[in-house]
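Here is a set of questions and answers to work through with the sequence and the structure at hand. Try each question before reading its answer.

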Amino acid sequence: MSTAAAPVRTLRTGTVLADLLPASRVRDAALVVGGAALTGLAAQLTVPVPGSPVPVSGQTFAALLVGTALGARRGFLSLALYAVVGMAGVPWFAEASSGYAMPSFGYILGMLLAATVVGALARRGADRSVLRTAGTMVLGSAIIYAVGVPYLALATGMSLGQAVAAGLTPFLIGDALKAALAMGALPAAWKLVGRKG
């Protein structure tokens, strides 16, 4: 009686989750548009923060997830599409807003950069284990704040300390929860497809 196990497919370095789909330009275009749409939908999940012009929203989680799942190039294009279409007037930024003349626009620019960085890290296996995914999400969030908080200060005339108090501190618990979701979801997705890096 044979007890041979099914062969385990190994994953070559440089692969992200989106690469598991059959390669084509249509796939890439659909992933870019889909990532922008996911970010726009997630941005509508908002909770106002008293005393802050920036709400808690799902868009940061979506942006980091899109970057990680799609890789740096497609993640960048997806968030660039999200930003450009929102600047053009589609109300899919947080709280159904649009345009670039809002104090929270710096966070969108930060998401563009963060999606690119986490996508590059995912190509190096940063989304395959709980600890690596946690580090990736923390770095991505730090990039978003590194751009968003100074922009908030400039746009509102707040001091940097006031901008940190209004645009960073109230969001840390939510970011920890989002990181925990990603820490479970991304490594689990790799396990589901039977691949582990």
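Q: How far apart are the closest N and O atoms in the salt bridge of Asp19 with Arg74?
A: This is a predicted model, and the distance is computed from its atoms. A salt bridge needs a side-chain nitrogen of Lys or Arg within 4 Å of a carboxyl oxygen of Asp or Glu. Asp19 and Arg74 meet that condition, with their closest N and O atoms at 2.7 Å.

Q: How many residues apart in sequence are the parts that the pair of Asp19 and Arg74 ties together?
A: Asp19 lies in the segment before helix H1 (25-42). Arg74 lies in helix H3. The pair therefore ties together parts of the chain whose separation in sequence is 55 residues.

Q: Where in the chain does Arg123, which meets Asp19 in a salt bridge, lie?
A: The side chains of Asp19 and Arg123 meet at 2.6 Å, N to O. This pair links distant parts of the chain, 104 residues apart. Asp19 is in the segment before H1, and Arg123 is in the loop between H4 and H5.

Q: Is Arg27 buried or exposed?
A: Arg27 forms a salt bridge with Asp28, at 2.9 Å from N to O. Asp28 has a relative accessible area of 16% and is buried. Arg27 has 13% relative accessibility, so Arg27 also counts as buried.

Q: Which residues do salt bridges that share partners join into one network?
A: A search of the whole structure finds 7 salt bridges. Asp19 pairs with Arg74 and also with Arg123. Through shared partners, the network joins Asp19, Arg27, Asp28, Arg73, Arg74 and Arg123.

Q: Which elements do the buried residues of H3 pack against?
A: The buried residues of H3 include Arg74, Ser78, Leu79 and Tyr82. After H3 comes Gly89, with a positive phi near 125°. The buried residues of H3 pack against H1, helix H2 (59-70) and H4.

Q: Why is the pair of Tyr82 and Phe93 edge-to-face?
A: The structure holds 5 aromatic pairs. A pair counts as edge-to-face when the planes are over 60 degrees apart. The ring centres of Tyr82 and Phe93 are 5.2 Å apart, and the pair is edge-to-face because the planes are at 70°.

Q: Where do Tyr82 and Phe93 lie?
A: Tyr82 is buried, at a relative accessible area of 0%, and Phe93 counts as buried at 1%. The pair ties together parts that are 11 residues apart in sequence. Tyr82 lies in helix H3 (residues 72-87), and Phe93 lies in the loop between H3 and helix H4 (105-122).

Q: Which helix holds Tyr145?
A: Tyr107 and Tyr145 form an edge-to-face pair, 6.2 Å centre to centre with 90° between the planes. Both Tyr107 and Tyr145 are buried. The two are 38 residues apart, with Tyr107 in helix H4 and Tyr145 in helix H5 (residues 130-156).

Q: Which ring does the charged end of Arg128 sit over?
A: Arg128 lies in the loop between H4 and H5 and is buried, with a relative accessible area of 8%. The side chain of Arg128 makes a polar contact with that of Asp127 (3.2 Å). The charged end of Arg128 is 4.1 Å from the centre of the ring that it sits over, which belongs to Trp190.

Q: Which residues does Pro103 touch, not counting residues up to four places away in sequence?
A: Pro103 is in the loop between H3 and H4. Its relative accessible area is 26%, so Pro103 is partly exposed. With those up to four places away left out, Pro103 touches Pro53, Tyr151, Leu152, Ala155 and Thr156.

Technical notes:
Residues numbered from 1 in each chain as written. Predicted model: local features only at pLDDT ≥ 70, side-chain atom pairs only at ≥ 80, totals over all residues. Heavy atoms only, no water. Phe/Tyr/Trp six-rings, centres within 6.5 Å; stacked < 30°, edge-to-face > 60°. Helix = DSSP H or I, 4+ residues; strand = E, 2+ residues; numbered from the N terminus. Buried < 20%, exposed > 50% of the residue type's maximum accessible area, 1.4 Å probe, protein only. Lys NZ or Arg CZ within 6 Å of the ring centre and 35° of its normal. Contact = heavy atoms within 4.5 Å. Polar contact = N/O pair within 3.5 Å; in protein donor to acceptor, adjacent residues only side chain to side chain.
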